[in-house]
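Student: Could you take me through one part of this model up close? I'm new to it, so please spell out the terms as you go.

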Amino acid sequence: MFPILQPFLMLFMAIILGAVLTKFGILDQEFNKRLSRLVVKVSFPAMLFLSMYQNISMDSFRRGLVFSGLGLGTSVFLAFTAALTGRHLGLQGKTFGTYQILCTNGNNVFLPVPLISAIFGLEYVVYAFLFELGAGFFYWSYGISHFRPGPRFSLKRVLNQNISALFLGLLGGLSGLALPQYITGFLEMVANIAIGF
């Protein structure tokens, strides 16, 4: 079987398992909400930190910095085109904001990471995260402001757990900080809740 298909088959099997568990009442809407919060607020940041920490080097950082610029530039371009098309469609208020977010916030991690890992190896996943660093900066500053009241730019929103995990992993990896194996092993277990690869 082609290695590129394996992540898709694993994802498909996870979806089938979720459907079966929901059918038999093992999973319900409340549990799904709590699990989603666990993934977004704990597991995903652990994955971001660990992947950046373990795979970043000064050389890969210099080579990959262009991806951060591409992530930011792509998001700005998509936001601009979403604003134009949204106005053309006559969208207003929250509907317009939701439309802009859906047009600008692509799936930069959950789909590309298993594919990059299967095709190129885990050491290349860091480039997806450098892209996410630029795209995430845009999303958590201008983008999220369409959903929440307050100023367009909020430092508190930008320094959320995901962006902070990326920066801490970047700093830890570039500085040569040697975390004990039991810490990285623990973070790996937590990170595998988000994407088991």
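Tutor: Helices H2 and H8 are roughly parallel to each other, because their axes cross at roughly 25 degrees and angles under 35 degrees count as roughly parallel. This is a predicted model, where local features need pLDDT of at least 70, side-chain atom pairs count only at pLDDT 80 or more, and totals for chains, interfaces and linings use all residues. Residues are numbered from 1 along each chain as its sequence is written, and side-chain values use heavy atoms, leaving out hydrogens and water.

Back to the pair: the axes of H2 and H8 (residues 161-175) come within 7 Å. On the H2 side, the contact (heavy atoms within 4.5 Å) includes Phe44, Leu48 and Phe49; on the H8 side, Ala165, Leu166 and Gly169 are among the residues involved. By class, this contact has eleven nonpolar, five polar and one charged residues, with Gly counted as polar.

H2 (29-55) also has the buried residues of H9 packed against it. Buried means under 20% relative accessible area, and in H9 (residues 181-191) that describes Thr184, Leu187, Val190 and Ala191. They cover an arc of only 120 degrees around the axis, which puts them on the same side of H9. The face turned away carries Gln181, Tyr182 and Met189, which are exposed, meaning over 50%.

Here the axes of H2 and H9 are 8 Å apart, at an angle of about 130 degrees.

Technical notes: Buried < 20%, exposed > 50% of the residue type's maximum accessible area, 1.4 Å probe, protein only. Helix = DSSP H or I, 4+ residues; strand = E, 2+ residues; numbered from the N terminus. Arc of directions from axis to C-beta. Axes fitted to C-alpha atoms, helices over the stretch in contact; angles between N-to-C directions. Parallel < 35°, antiparallel > 145°, perpendicular 65-115°, else oblique.
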